[in-house]
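I opened the model today and kept notes as I went.

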Amino acid sequence: YSFCTLLFCFYTPIMTYSASNIRDVGEVLEGMGCPVKINKGVLIRSGAPAEGSTSESLMGAKSVVSLRRCSEYKVADVEVQMQVESPHRSEGEKYETSSKMARIWLREVFSAILDCKGNLPILIHCAYGRDRTGIVVAALLYLCKVPPSFIKKEFMLSPDAPSDLCDIMITGFKGLENELKKRKDFDLSKLVSLLTEA
C-alpha cells in the first residue's frame, strides 16, 4: 500500500449508527441472493434510535415509523415521524398474524408507510428491532412475493430472533394480500411498487 492510501484509511471516519440492529433490508436481501429485488435505500429497520440521533446516524432516514408504545426521542432533522402503537400485550400474540387484531395493526402500519409520501428511506423501529419490526418487515416482504426462506433468513439476522415464532408468523400471512386488495381505503399496489419498482 502507498503512504497516501494508508493515510486515507487512517483518517477516513468510520460511520457509527445511533440505533442497534440497523440494516437496509433491500441491501441485505441482495447480498443473500434473493430472487425478488427489493429496492435499496427505501426500507431501513432498527431498534430504538438513541437520544440525539440524526438522519445521517440512521442510514440517511428521511421518515421514521415507530412501533413503540412509549414516547420517543425525536430525530431532529427528520420531518416525517409517526407512531403506530402495537396492540399486542404478549410476545406470542404478536406472531399470530392471522388474527383480526394483527391484520388491523399491520394495515395501520402500511398506511403510515404510504403517508411518508416518498420521503425515503423510511426507518421502521421498535425497542430492539426484532419482534414488532421483524413482523412488519416480514409482512412487507411477503406482499412483495419474497420467498418464505428469504423472509426467514432476513428475520433471523436479529439477535435472539425466535425461529419457531417466525414460522408461525409467515404461515399466518396467508390471505393477507387478498384481504388488502378488497379494501377500497387501501392501495396495495402503491405499497408494493414503493419497495420493488426501480
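This is a predicted model: local features need pLDDT of at least 70, side-chain atom pairs count only at pLDDT 80 or more; totals for chains, interfaces and linings use all residues.

These entries cover the sheet, the helix packing and a few loop residues.

Entry 1: I began with the strands. I found 5 of them in an open sheet, ordered β1-β2-β5-β3-β4, with mixed pairing. Which strands stand at the edges? I looked and found β1 (23–24) and β4 (80–83) there. Each has a single partner strand, so one side of each lacks a neighbour in the sheet.

**Entry 2: strand pairs.** I went through the pairings. β1 and β2 are antiparallel and share 2 bridges. In that pair I saw Asp-24 opposite Ile-44 of β2. β2 and β5 run parallel and are joined by 4 bridges. There I picked out Leu-43, whose bridge partner in β5 is Ile-122. β3 (residues 63–66) also pairs with β5 (residues 122–125), in the parallel sense, over 4 bridges. I marked Val-64, which stands opposite Leu-123 in β5.

**Entry 3: the two faces of β2.** I recalled a general point: side chains in a regular strand alternate between the two faces of the sheet. I then checked β2. Leu-43 and Arg-45 point one way, while Ile-44 and Ser-46 point the other way. Are these residues buried or exposed? I found that all are buried. That includes Arg-45, and I wrote it down.

**Entry 4: α5 on the sheet.** I turned to helix α5 (residues 132–143). α5 lies across β2 (43–46) and β5. I read its angle to β2 as about 155°.

**Entry 5: α4 against α5.** For packed helices I take the angle between the axes and the distance between them. Helix α4 (residues 100–115) packs on α5 at about 75°, and the axes are 11 Å apart. The two helices are therefore roughly perpendicular. Which residues make the contact? From α4 I listed Trp-105, Leu-106, Val-109, Phe-110 and Ile-113. From α5 I listed Arg-132, Ile-135, Val-136, Ala-139, Leu-140 and Leu-143. I sorted them by class: 10 nonpolar, no polar and 1 charged.

**Entry 6: α2 against α6.** Next I took helix α2 (residues 25–32) and helix α6 (residues 148–155). Their axes come within 11 Å and cross at roughly 120°. That makes α2 oblique to α6. I noted the crossing as right-handed. On the α2 side I found Val-25, Val-28, Leu-29 and Met-32. They meet Phe-150, Lys-153 and Glu-154 of α6. The contact residues divide into 5 nonpolar, no polar and 2 charged.

**Entry 7: the α4–β5 loop.** I checked the backbone next. The peptide bond from Leu-120 to Pro-121 is cis, with omega near 0°. Pro-121 sits in the loop between α4 and β5. Lys-117 lies in that loop, between α4 and β5. Lys-117 is not a glycine, yet its phi is positive, about 50°. Is Lys-117 buried or exposed? I found it exposed, with a relative accessible area of 67%.

**Entry 8: the α5–α6 loop.** I looked at Lys-145, in the loop between α5 and α6. Lys-145 has a positive phi of about 70°, although it is not a glycine.

**Entry 9: Ala-161.** Last, I looked up Ala-161, in the loop between α6 and α7 (163–172). Ala-161 is buried, at 12% relative accessible area. What does Ala-161 touch, leaving out residues up to four places away in sequence? I found Arg-130, Phe-155 and Met-156. I also took the C-alpha separation of Ala-161 and Asp-131: 7.5 Å, at 30 residues apart along the chain.

Conventions:
Residues are numbered from 1 along each chain as its sequence is written. Side-chain values use heavy atoms; hydrogens and water are left out. Axes are lines fitted to C-alpha atoms, for helices over the stretch in contact, and angles run from 0 to 180 degrees between N-to-C directions. Angles under 35 degrees count as roughly parallel, over 145 as roughly antiparallel, 65 to 115 as roughly perpendicular and the rest as oblique. A crossing is left-handed if the near helix is turned anticlockwise from the far one by less than a right angle, and right-handed if clockwise. Contact means heavy atoms within 4.5 Å. Ala, Val, Leu, Ile, Met, Phe, Trp, Tyr, Cys and Pro count as nonpolar, Asp, Glu, Lys and Arg as charged, and the others, Gly among them, as polar. Two strands pair if DSSP finds at least two bridges between them. Buried means under 20% relative accessible area, exposed over 50%, partly exposed in between (1.4 Å probe, protein chains only).
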